[in-house]
Amino acid sequence: MADANSRASTTSSGKRKRNTPLAFYAVKVGRTPGVYQTWDEAKQHIEGFPNPQFKKFSTYTEAEAMVKGTTSSNSKQGKSKYYGVAVGHVPGVYTDYSTVQAQTKGCIGARQKSFATHAEAQAYVDGFKRQASAPISLRGDLSESSSLAGKPFNIGENATKKRKKEHVLPVSALTNGDIKYEPGWGPLPPDAEDGFDRTIKLDEASGNIRTKTEEELSGTKSQPTGDFSGPIVVYTDGSALGNGRVGAVGGVGVYFGANDPRNVSEALRGKRQTNQRAELTAVARALDHIPIDREAVIVTDSNYSIKCLTEWFPTWEKKGWKNSAGKDVENKDLIEPIIARIRERDMCRAKTKFQWIKGHANDPGNVAADALAVQGSRYSTPELRNAREFSETLNILTRSPSEPTRSRPVVGAKVETKRTPEVGSVLGTAPAADDDDAFDEIFATLAAEQSVQNQVTPSTAPEGL
């Protein structure tokens, strides 16, 4: 959670601290550039990093502008300069010298120069682009019989000594009769597919193209086959920049895995932008992407969300969604539909389990979900903060377990909470395995409810559908 330990958070017995000035720390040059709400977070990205660039701001807009480069914290009045970095970590045109230093420091053969205009700097950078870097057989302007195509590669003693001095991996040479070529320069091998030579690769350490080793050529990658078993494990997190203060913006993060299309990073909808609502919404968005008949383990660092969805809600339902003080339960509009979705999953014999994990403890899944949530908060706009939540789970038709039904037994109305040390809390109980008639009636009822949802008039339909 990006703001779980915010100094502006509230407790059941304490009042919100309103006198703490809001601060945002912009890290423009560091391990992970971005805007952070605490100095401790910002220090993690600049300590030990060469020539970091950072600054403290009182508003998020100013901090974000510095990171994006629309303003310069170190700019001086006078004539502007443009620095062309032709050879560096990230070649391009820059307007501040500290960034130029960060892009050239430690880069072998770095080349940079200052100019009075952006066009001159860009022309300088473009002049260093290696137009002849493509494999010879992929270029239409050169034939294999040209002098460049037949350029021999000298792998003599002097070249070997030079490579050792620069601490780069030796570049293997491909042979074609008596002629030796640099990797990527000679004709494509017979087994090349779609103009791609699978025997070469870019060495990240040296920046040179080299021939793959035997181990790399014979290596294989595991690919999903679609035949999966066991529970679906998903990480959720919520963020609220400026949590508890006027102007706070929330974000939702859901992480299924690296490059998984089900991952979610989006702004929190609604006028109430709090960390707790972002956490609950993240759980709902995770359930949106999990099949109703598949067991799921939701990993979160929000104890509040877990207790709401496993321990506290039965008492709230008995009291008509009133808390111990007789007031309306906070965030009922999110908790109630999530409980309804979990009960539907119970009736389909799919358990929904929760596992608590300590936040900011370097767990890869939690760190990824946190990053998605923080990024989602930056997508926030006034239009989204005035929009209704479009989550399928949060727009489910809800019914209290005590309400009578006309065409189905109250199956799954009794919700038991089980706790295991491995996966946290398990919600709901499924009917007996031999109760096939009950299941047929349950699925028929669910289909009828879904049909009712699809017939909602445009004036009452949730925004975003």
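Trp 39 is partly exposed, at 34% relative accessibility; buried means under 20% relative accessible area, exposed over 50%, and partly exposed in between, with a 1.4 Å probe and protein chains only. Residues are numbered from 1 along each chain as its sequence is written, and side-chain values use heavy atoms, leaving out hydrogens and water.

**Overall make-up**

- The protein has 12 helices and 17 strands; these are DSSP runs numbered from the N terminus, with helices (H or I) of at least four residues and strands (E) of at least two.
- Of the 465 residues in the protein, 39% are buried.
- Among contacts (heavy atoms within 4.5 Å) with a separation of 6 or more, 65% join residues 24 or more positions apart.

**Confidence**

- The average pLDDT, the predictor's confidence in each residue from 0 to 100, is 75 for the protein, and 66% of the residues score at least 70.
- Residues 1-18 stay under 50 in pLDDT, and the model gives them 32 contacts beyond four places in sequence.
- Residues 456-465 are also below 50, with 12 contacts beyond near neighbours in sequence.
- Where pLDDT is low, the predicted coordinates should not be read in detail.

**Aromatic pairs**

- The whole structure contains 8 aromatic pairs; rings of Phe, Tyr and Trp (its six-membered ring) pair if their centres lie within 6.5 Å, and planes under 30 degrees apart count as stacked, over 60 as edge-to-face and the rest as tilted.
- Phe 24 and Tyr 60 are an edge-to-face pair, because their ring centres are 5.7 Å apart and their planes stand at 75 degrees.
- Phe 24 is in strand E1 (residues 24-29) and Tyr 60 is in helix H2 (residues 60-68), so this pair ties together parts 36 residues apart in sequence.
- Phe 24 is buried at 5% relative accessible area, and Tyr 60 is buried at 16%.
- Tyr 25 and Trp 39 are a tilted pair, because their ring centres are 5.7 Å apart and their planes meet at 45 degrees.
- Tyr 25 lies in strand E1 and Trp 39 in helix H1 (residues 39-44), 14 residues apart.
- Tyr 25 is buried, at 14% relative accessibility.
- One aromatic cluster is formed by Tyr 304, Trp 312, Trp 316 and Trp 321.

**Nonpolar cores**

- A nonpolar core is a set of buried Ala, Val, Leu, Ile, Met, Phe, Trp, Tyr and Cys residues joined through side-chain atoms within 4.5 Å.
- The largest core has 32 residues, and Val 254, Leu 309, Ile 335 and Ile 338 have the most contacts inside it.
- Elements that give this core two or more residues include strand E11 (232-241), strand E12 (249-255) and helix H7 (275-288).
- H7 gives the most to this core, with 7 residues.
- Not counting residues up to four places away in sequence, Ile 338 touches Leu 280, Val 283, Ala 284, Leu 287, Leu 309, Thr 393 and Leu 394.
- Another core, of 9 residues, lies apart from the largest one and has Val 35, Phe 57, Met 66 and Val 249 among its members.

**Positive phi angles**

- Most residues other than glycine have a negative phi.
- Arg 349 has a positive phi, near 65 degrees, and is found in the loop between helix H9 (332-347) and strand E15 (352-356).
- Asn 362 has a positive phi of about 65 degrees and is found in the loop between E15 and helix H10 (364-377).
- Arg 349 is partly exposed at 43% relative accessibility, whereas Asn 362 is exposed at 69% relative accessible area.

Terms used: This is a predicted model: local features need pLDDT of at least 70, side-chain atom pairs count only at pLDDT 80 or more; totals for chains, interfaces and linings use all residues.
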